[in-house]
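Reader: Hey, I've just opened this one and I'm new to it. Can you walk me through it?

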Amino acid sequence: MASSKEYLAYIMDRLSGLEDVSCRAMMGEYIIYYRGKVVGGIYDDRFLVKPVKAAEELLRGAARELPYEGAKAMLLVGEVDNRTFLSELIEAMYEELPAPKKKR
């Protein structure tokens with residue numbers, strides 16, 4: 001099941017308080033970037049983030065879910081209505097995220 005453009009628009013609106021947030025479509029789903037780093041994505045109308053330490057602390061007890069079969073588990077963000085929380089979550093994660101791979 002692919003994610004809806006409406007859910008993507010909703011999440012991007014919730015993240016609009018952050019500068020340099022972007023997304024890219026990939027096989028019916030969407031990858032979310034913050035300042036050039038992948039923070040997570042929209043998969044089957046679920047907002048999932050990488051399980052870095054900061055995210056695990058802020059999302060205590062969050063379910064670990066697979067974005068798609070064969071992928072590594074990510075953390076389900078349940079509190080998507082709270083703009084302030086989402087901004088704090090993404091900003092806290094930033095330093096722990098790997099740098100983008102250099103293009104050849």
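**Walking through the model**

Author: Buried means under 20% relative accessible area, exposed over 50%, and partly exposed in between, with a 1.4 Å probe and protein chains only. This is a predicted model, where local features need pLDDT of at least 70, side-chain atom pairs count only at pLDDT 80 or more, and totals for chains, interfaces and linings use all residues. Residues are numbered from 1 along each chain as its sequence is written, and side-chain values use heavy atoms, with hydrogens and water left out.

Reader: OK, and where does Arg35 sit?

Author: Arg35 is in the loop between strand 2 and strand 3. Arg35 isn't a glycine, yet it has a positive phi of about 50°.

Reader: Which other non-glycine has a positive phi?

Author: Asp20 has one, of about 65°. Asp20 lies in the loop between helix 1 (5-14) and strand 1.

Reader: What is Asp20 in contact with?

Author: Leaving aside neighbours within four places in sequence, Asp20 is in contact with Tyr33, Tyr34, Arg35 and Gly36. Contact means heavy atoms within 4.5 Å. As for Val39, 19 residues from Asp20 along the chain, the two C-alpha atoms are separated by 12 Å.

Reader: Let's zoom out. How many helices and strands does the chain have?

Author: Three helices and six strands. Those are DSSP runs numbered from the N terminus: H or I with at least four residues for helices, E with at least two for strands. Along the sequence the pattern is α-β-β-β-β-α-β-β-α. The radius of gyration is 13 Å, close to the 13 Å that the globule rule gives for 104 residues, so the chain is as compact as a globular protein of that length. That radius is taken over C-alpha atoms, and the rule is 2.2 Å times the number of residues to the power 0.38.

Reader: And how much of the chain counts as buried?

Author: Of the 104 residues, 39%. The C-alpha trace spans about 35 × 30 × 25 Å along its principal axes.

Reader: Switching topic: what volume does the largest pocket have, and what lines it?

Author: Its volume is about 430 Å³. There are 17 lining residues, and Met26, Ile31, Tyr43, Pro67 and Tyr68 lie nearest the centre. Strand 1 (21-26), strand 2 (29-34) and strand 3 (37-43) are the elements that give two or more residues to that lining. Strand 2 gives the most, with three residues.

Reader: What about the second largest pocket?

Author: That one has a volume of about 300 Å³. Its lining includes Arg24, Tyr33, Lys37 and Pro98.

Technical notes
On a 1 Å grid over the protein atoms alone, a cavity is a set of points where a 1.4 Å probe fits but cannot get out, and a pocket is an open set with protein on both sides within 12 Å along at least five of seven lines; lining residues have an atom within 4 Å of a point. Grid points are joined across faces, edges and corners, and a volume is the space filled by probe spheres set on the points.
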